[in-house]
Amino acid sequence: MKLALHGGQPAIDCPLPADSTIGDAEFDAVRRVFQNGSLSGFYGSWGKEFLGGVEVKQFERAWAERFCIPHVVSVNSATSGLYAAMGALGISPGDEVIVPPLTMSATVMAPLIYGGIPVFVDIEPETFCLDVAKVAAAITPRTRAIIAVNLFGHPARLHELASLARSSGIALVEDNAQGPLASESGSYAGTVGDIGVFSLNYHKHIHTGEGGMCVTRDPGLALRLQAIRNHAENIVAPAEIGDPVNMIGFNYRMTEMSAAVGIAQLDRIETEVSRRQRLAEGLSAGLAGLEGVTPPMVRTACRHVYYVWAARLDEVRLGVSREKFSQALSAEGFPHFVGYVKPLYMLPVFQKRVAIGRNGWPFTLSDRQYFKGLCPVAERMYESELLCFETCAFRIDDQLLADLIAAFRKVHANRHLL
Ligand SMILES: *Cc1c(COP(=O)(O)O)cnc(C)c1O
């Protein structure tokens, strides 16, 4: 069959239908809020409304129960959650925070907000998550925290990172925006570190439009997160919080509408996650054994929830560049993207060493350098290996899954013509 790139019939000839997890239950939930008439239950000073309204509190309780974790603090995005986590941990100007280079940018901006210095550590080529040996080697007396990202829905080596953090006297934060219900050795991703952060952004497995959830086992951290969420400065004076560090608050509060939608979404989380997981596993099975193509790997005792199905291409074994292969795949109607994100230390904020204000703060506090070659594995994934399919974006039934596999196999079988 002639490749669509060369004028042949595309394997998939209509755009894939968009996925949506929003239905009657969410509509009813929002109606309930409007009938109650209170669209936000928060009040920005200490008192019974400091912790939010009825929906927010109920959503947090339900989340705590679902993820078997005692303390949950809802916020208006995972970005806010990561910022609050840095604040709660007391990150101070000049403190180093270890981060991976392949992630959504908010992961690595979070330390900067408090004057922390992101220290990029390379990833494992199999799971695209932090390489523990390299993390250990990067810890210095200035290191205060590690932010591990459970990228694409696969857990980082969470238990190893947690014990490394413990023995080094530093904190572990999990950016689990992409990994709800992912797990390692029976523990939910997001619940192994000192603080875990989930996203409820529209593009994630389940969503509330915008939103995020912070989880922790430490009641002191939970209180600090709640304070930062809601104008912390107002409760420092009454001494509910002993330690005044970083008790400058924001407004990271979740609305009652979002919380109500979240309660309905959480009811179906296993269904929504396992649906995408089955799709990704089907794709991996259908593309197994192709020369030069490595479907996503799952480590022993882990659950991968596939926010993204990320395969690796080997251009040498494939005999064609990823760019050419990708063009041909697009022409066949197989939606995908390559490379994920450019390693984040190449962003202008690091290259120009300017974050807050005109004088280069907080980089003025550090001689850490950000240069091409810093994380060679991440750079290789970005430049030539990663090919990604966004499993949450499309509603894929068995027929469409078969079409996707056929499209990919068609390009692969004809790649010598590219
Ligand atoms: C989506 C995402 C975020 C940010 O989530 P928001 O809720 O949109 O702020 C942070 N980290 C990762 C890894 C993400 O995928």
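**Entry 1: the two domains**

I looked up the distance between the C-alpha centres of domain 1 and domain 2 and found 29 Å. I am reading a predicted model, where local features need pLDDT of at least 70 and side-chain atom pairs count only at pLDDT 80 or more, while totals for chains, interfaces and linings use all residues. Residues are numbered from 1 along each chain as its sequence is written, and side-chain values use heavy atoms, with hydrogens and water left out. Domain 1 covers 24–267. Domain 2 is made of 269–342 + 373–417. These bounds come from an automatic or database domain assignment.

**Entry 2: the contact**

I then asked how many residues each domain puts into the contact. Domain 1 gives 38 residues and domain 2 gives 31; contact means heavy atoms within 4.5 Å. The buried area is about 2900 Å², with 64% of it from carbon and sulfur atoms. Buried area is the accessible area (1.4 Å probe) that two parts lose on being put together, summed over both.

I searched the interface of domain 1 and domain 2 for salt bridges and noted 2. The rule wants a side-chain nitrogen of Lys or Arg within 4 Å of a carboxyl oxygen of Asp or Glu. I also looked up Arg 66, which forms a salt bridge with Glu 270, with 3.9 Å between the closest N and O atoms.

On the side of domain 1 that touches domain 2, strand E6 (183–184) and helix H9 (256–267) supply at least two residues each. H9 gives the largest share, 3 residues. Helices (H or I, at least four residues) and strands (E, at least two) are DSSP runs, numbered from the N terminus.

**Entry 3: aromatic rings**

I counted aromatic pairs in the whole structure: the search finds 19. Rings of Phe, Tyr and Trp (its six-membered ring) pair if their centres lie within 6.5 Å; planes under 30 degrees apart are stacked, over 60 edge-to-face, the rest tilted. Phe 152 and Tyr 340 have ring centres 5.0 Å apart and planes at 80 degrees, so I logged the pair as edge-to-face. Phe 152 sits in the loop between strand E4 (143–149) and helix H6 (158–168), and Tyr 340 in the loop between strand E13 (337–338) and helix H13 (348–351), so the pair ties together parts 188 residues apart in sequence.

**Entry 4: backbone notes**

Which peptide bond is cis? I found the one from Trp 361 to Pro 362, with omega near 5 degrees. Pro 362 lies in the loop between H13 and helix H14 (376–385).

Ser 185 is not a glycine, yet its phi is positive, near 45 degrees. I placed Ser 185 in the loop between E6 and strand E7 (187–188).
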